[in-house]
Amino acid sequence: MSRFKDTEVCYHCGEVCDNRQLHIDDKYFCCKGCKTVYELFTDNGLAYYYDLQAAAGASPKEVVSKYNFLDSPVIVDKLTEFNEHNLQIVNLYIPHIHCSSCIWILENLNKLNISIRSSQVDFPRKTVRITYNSQKASLKQIVMLLTRIGYEPTISLDDFDNRKKQIDRSLLYKLGIAGFAFGNVMFLSLPEYFDLASSKASGGEFWLNQYQDVFRWLMFIFSLPVVFYADRDYFISAYKGLRSNLLNIDVPIALGILVLFLRSTTEIIFDWGPGFFDSLTGLVFFLLLGKFFQQKTYSFLSFERDYKSYFPIAVTRITREGKEETTQVHDIRKGDRLLIRNEELIPVDGVLKIGPARIDYSFVTGEAEPVMKKVGDTIFAGGKQLNGAIELEALKSVSQSYLTQLWGNSIFHQDKSSKFETLTDSIGKRFTFTVLIIAFVATSYWLYQNPSMALNVFTSVLIIACPCAIALASPFTLGNMLRIFGRKKFYLKDTSTIEQLAQIDTAIFDKTGTITSAKKSTATYEGMALTLEEESLLKNTLRASNHPLSRTLYQLLSEHNILTLDEYEEFAGKGLTGSKDSSQIKIGSADFVGMPIASNAYKTSVHISSNDHYKGCYVFHNQYREGLSALFDSMSGTLQLAILSGDNEAEKTRLEQLLPKLTPLYFNQRPEDKLRFIKSLQQAGHKVLMVGDGLNDAGALAQSDVGIAISENVNVFSPACDAILDASKFQQLYDYIKASKRAMKIIKLSFGLSLMYNMVGLYFAVTGQLQPVIAAILMPLSSISIVAFTTVMTNLLGRKLP
Amino acid sequence: MSVIYVLLSISLLVAIIFFAAFIVSIRRGQYDDTYTPSVRILFEDELVKPPKILGPGKTRSFQDLETKKNQSTLKKEKSI
């Protein structure tokens with residue numbers, strides 16, 4: 001027993017070492033793979049890897065033929081960014097990138113393979129861009145090298161279909177132009193600020209006045225790129241809004257910019273005054289700054305994934321002559337014979353020809369347990385083969401398979417955000433009306449009193465009422481909330497998700513992988529108690545088996561001395577036998593150990609007999625996430641809840657005990673059923689939150705108002721959704737919903753604040769006293785105070801979040 | 001010509017040079033990844049120096065290491 005007491009941690013990957021056989025000097029390793037990587041690194045002078053960050057590695061996976069498809073020049077050409085002469089550039093996504101050691105080793109790849117010219121890591125995106133000599137090394141060799149050192153890249157059908165995405169940098173350009181113009185115009189209008197009373201017309205004596213026109217026309221020139229390029233989005237959005245009879249917040253903004261520009265230009269043409277070019281450029285700069293702040297993206301996450309990022313690019317096809325060849329997934333035709341190896345994904349619906357197969361559908365249908373399939377059974381696409389190689393005959397092409405058909409639904413082709421009217425837009429509507437009324441009333445008053453002032457007042461009202469501060473309140477509040485949530489491992493797609501989250505009244509949960517934990521499961525023992533010797537023999541027999549249930553059970557049993565078994569045998573799909581001295585043990589399915597009737601058909605159990613006497617069985621349960629009951633209890637007060645599971649009813653009674661009374665539970669739901677269920681709720685006027693994890697929830701996630709994907713590891717695949725929540729933060733979900741509601745309150749408060757500024761400004765405008773300097777002070781002041789207010793408030797809110 | 005024109009044109013020229021530099025830097029993708037360079041700059045220049053850390057008791061010259069490296073790359077290529 002004392003053998004394991006003083007456990008060693010693997011020098012390479014940090015896992016606890018099961019034994020102490022693998023070591024070099026005083027450094028221990030958990031497996032041969034880790035040791036090999038260590039040797040490779042130290043032999044090539046890359047030992048600095050371990051100095052930079054301790055135990056940063058990952059143990060490499062065995063891959064034999066997984067990357068054979070990279071031999072095909074067509075596929076290589078599609079995957080590489082650049083491929084000419086003998087130079088290839090490839091950008092690979094590597095989920096394991098997580099620390100400075102990773103950057104260092106990946107950027108020194110040329111020490112491991114001299115044909116690599118350079119490699120550059122993009123840490124936020126978790127990609128490495130490798131330039132190499134394609135005469136000396138192939139893409140396959142590069143990928144195999146990465147895999148061998150524990151940095152296996154993810155190459156999926158998605159990479160193959162849409163390569164060479166352009167990065168949109170237009171906002172940076174616009175921001176740069178607006179900032180540049182703003183600074184210079186401020187600088188050029190400085191003489192005007194200090195020289196207000198003595199313009200050239202009134203006989204001012206400052207010598208700068210004779211150059212007034214030069215300064216003014218320079219300001220005009222600086223404002224041109226701002227008006228005609230940097231603020232384009234506001235005009236486009238206002239135009240689109242007006243065309244669909246919607247007065248969004250961009251209408252008064254566009255109107256304000258237009259009036260500012262026209263009035264300022266007229267003023268300098270007729271030498272009436274300096275114009276408002278400083279306010280104009282400042283306004284656009286602040287607005288774009290808000291947009292920039294709102295545009296927080298988690299570049300290592302993708303919210304747009306469909307089955308393509310889960311499916312492989314190519315599989316092995318067996319030709320009529322019996323030869324194996326690599327074929328692209330898109331080229332699979334009905335009747336093709338496919339070879340699926342261990343741990344590979346089944347890309348099409350097919351009939352099993354050589355088996356048996358044990359397929360893990362948990363990610364696709366939500367069934368918790370792997371399914372056994374016999375020769376002749378139909379297998380659906382999306383499952384993962386678990387024991388050994390199988391052969392199957394394709395029944396359909398990839399896009400027509402049972403699972404992939406789901407993406408034909410129109411909900412996947414709609415833009416969700418365009419349907420939603422944000423708080424800013426709904427306020428903007430009323431605001432625009434009020435401003436226009438004030439402008440017309442004031443103008444008609446002045447037309448009556450002093451017609452020469454009328455136009456001045458009309459334009460002044462539109463200028464000063466330009467809702468800069470209102471337009472900034474929402475991006476800064478929500479943008480900051482997005483960052484705060486991101487720090488709490490709740491990653492949102494965009495800021496409008498927070499607004500929608502604040503409005504939901506119904507929450508629907510998937511079962512498998514969402515409220516249950518994928519990593520852990522528990523088992524309870526039913527039957528006659530085992531003696532100490534029997535338990536020890538059981539544990540030692542399990543030790544040799546690689547079956548997932550054996551591994552789980554092995555972890556659950558208490559420590560025993562390691563024995564060397566006299567006999568051990570594993571019967572695939574049935575069970576294990578082991579013997580030591582005179583005692584013998586059988587572990588496995590009910591009829592394998594000689595138990596006639598299976599008592600509970602739905603449940604997964606492992607039966608045990610000792611010396612041919614039936615002892616009992618271990619029944620496995622789903623392990624529900626911590627704090628599940630508490631979360632549902634707190635949510636049930638304000639939200640309607642339901643469970644929508646693709647699994648069978650085995651867990652019904654346990655769920656009923658765990659969840660608040662009368663929570664509706666639906667089982668055996670197919671992906672389309674889930675989608676329809678959400679749709680019917682929405683038609684009844686509910687705002688629905690869907691929490692799911694797998695491909696089978698993809699339809700429901702897309703249909704719901706807010707779709708949250710739960711993920712144990714945010715780097716691996718999660719279906720298209722509005723937000724990704726780290727599984728460890730599952731119990732905080734309700735706190736996050738409440739925080740979103742409070743964020744909306746902050747926005748409303750800052751609307752009030754900015755209205756006060758507008759009142760002051762409108763007083764000057766309506767009375768015809770609006771000087772450029774007043775506008776130049778009021779506009780940045782209101783914007784900055786709104787930004788300060790929202791930042792302080794959201795940070796206070798964020799501090800309270802667990 | 002007044003000195004103000006000279007001053008104005010100098011100030012404009014400087015401003016435009018910096019603006020152009022900014023545009024060029026965006027275009028070359030310097031703002032695409034704003035995190036990794038901050039880590040990279042802290043690495044020492046291990047690319048040229050022979051490694052400091054070898055297994056205890058072993059002292060290899062840089063020359064030995066080079067040959068060893070070539071061997072292992074060869075080995076690796078064979079195994080692939």
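Q: Which residue stands opposite A:G350 in β15(A)?
A: In this predicted model, A:G350 faces A:A394 of β15(A).

Q: How many bridges join β10 to β15 in chain A, and in which sense do the strands run, parallel or antiparallel?
A: Four bridges link β10, residues 350–354, with β15, residues 390–394, and the two strands of chain A run antiparallel.

Q: In what order do the strands of that open sheet come?
A: The sheet in chain A has six strands, in the order β8-β7-β9-β15-β10-β13, with antiparallel pairing.

Q: Which strands stand at the edges?
A: They are β8 (324–328) and β13 (378–379) of chain A. Each has a single partner strand, so one side of each is left without a neighbour in the sheet.

Q: Moving to β3 and β4 of chain A, how many bridges do they pair over?
A: Strand β3 (residues 80–84) and strand β4 (residues 87–93) of chain A pair over four bridges, in the antiparallel sense. Within this pair, A:F82 is opposite A:I89 in β4(A).

Q: What lies between β3(A) and β4(A)?
A: Two residues separate β3(A) and β4(A), which form a hairpin. In the turn, A:H85 has a positive phi of about 45°.

Q: Which residue of β6(A) is the bridge partner of A:I89?
A: The partner in β6(A) is A:T131. A:I89 also stands opposite A:F82. Strand β6 (residues 127–133) of chain A pairs with β4(A) over seven bridges, again in the antiparallel sense.

Q: Changing topic: which residues touch the most other members of the largest nonpolar core?
A: A:I257, A:V284 and A:V461 do, in a core of 191 residues.

Q: What does A:V284 touch, leaving out residues up to four places away in sequence?
A: A:V284 touches A:A178, A:V226, A:A230, A:D231 and A:I257.

Q: What other core lies apart from the largest one?
A: Another core, of 15 residues, lies apart from it, and its members include A:L538, A:I608, A:C617 and A:Y618.

Q: What about chain A overall: how many helices and strands are there?
A: Chain A has 24 helices and 28 strands. Of its 802 residues, 42% are buried. Its C-alpha atoms fill a box of roughly 120 × 65 × 55 Å along the principal axes.

Q: And what share of the contacts between residues at least 6 apart in sequence joins residues at least 24 apart?
A: In chain A that share is 66%.

Key:
Residues numbered from 1 in each chain as written. Chains lettered and ligands numbered in written order. Predicted model: local features only at pLDDT ≥ 70, side-chain atom pairs only at ≥ 80, totals over all residues. Buried ≥ 20, exposed ≤ 12 C-beta atoms within 10 Å, placed from the backbone. Contact = placed C-beta atoms within 7 Å. Core = buried A, V, L, I, M, F, W, Y, C linked by C-beta atoms within 7 Å. Pairing = 2+ DSSP bridges.
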